[in-house]
Amino acid sequence: MVDQVQGDPDQVNDAGIMMTPVIPGACSGIIRYNTLRNCHNGIALADALGSNVKVYRNIIVDTQADPDPDRAGDIRVRGAADGVEIYHNTLINGLGHGITLQAVGAARVPTNCIVKNNIVYGNGGVALQVEPDVVTYGTGNVMDYNDYYKASGNVFTWGASSYTAAQFAAYKTASGQDAH
């Protein structure tokens, strides 16, 4: 369990919290009650060792744009992570994307991820990014009851299509997500 980290880059290694195959025992973990700011990444979960992790009640502020686009963002689920739950997080003013479900080819996609009741405000990238292979091959992923705000530009990327706030209804129709 990662619990109540209060951190600048000095305290969280400039990387945020990463549960990837290089950190054994990350499977079925809990990441909660953390405050992260000015990190290159907020929270990153990858592949099987990032599976069944609950991420809730975290505050992530001012994440930086990581030079590696595969690592950038506030909360990122990458590869064959299964059963991740992302609830009640507040993401503010990150330079990258807010919440990302990212594939590593068609064979390694996040599945059965639940993204609910999050607030994503003012990110430089999109608030929610679900990559094309995740849309095509990732089953059981659910997004609902989230609040997204961005003053201008695209707010959502669903597959190969991006949507502004004014196109929220079109995003909901195309994705079948965020009904509430």
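In strand 12, Val77 has Leu101 as its bridge partner. Strands here are DSSP runs of E with at least two residues, and helices are runs of H or I with at least four residues, numbered from the N terminus. The model is predicted: local features need pLDDT of at least 70 and side-chain atom pairs count only at pLDDT 80 or more, while totals for chains, interfaces and linings use all residues. Residues are numbered from 1 along each chain as its sequence is written, and side-chain values use heavy atoms, with hydrogens and water left out.

Strand 9 and strand 12 run parallel and are joined by four bridges; two strands pair if DSSP finds at least two bridges between them. Strand 6 (residues 41-46) also runs parallel to strand 9, with five bridges joining them. Ala46 has Arg78 as its bridge partner in strand 9. Five of the six residues of strand 9 (residues 73-78) are buried, so this strand is largely enclosed by the rest of the structure. Buried means under 20% relative accessible area, exposed over 50%, and partly exposed in between (1.4 Å probe, protein chains only).

Cys113 sits in the loop between strand 12 (99-102) and strand 13 (114-116). Cys113 is buried, at 0% relative accessible area. Leaving aside neighbours within four places in sequence, the contacts of Cys113 include Val77, Leu101 and Asn141, where contact means heavy atoms within 4.5 Å. The C-alpha atoms of Cys113 and Leu101 are separated by 8.7 Å, and these residues are twelve apart along the chain.

The structure also holds eight aromatic pairs. Rings of Phe, Tyr and Trp (its six-membered ring) pair if their centres lie within 6.5 Å; planes under 30 degrees apart are stacked, over 60 edge-to-face, and the rest tilted. Tyr121 and Tyr149 are stacked, because their ring centres are 5.0 Å apart and their planes lie at 15°. Tyr121 is in strand 14 (residues 119-121) and Tyr149 in strand 17 (residues 147-149), so the pair ties together parts 28 residues apart in sequence. Ring pairs also link Tyr148, Phe156, Trp158, Tyr163, Phe168 and Tyr171 into a cluster.

| Residue | Relative accessible area |
|---|---|
| Ile119, partly exposed | 40% |
| Tyr121, partly exposed | 41% |
| Tyr149, partly exposed | 42% |
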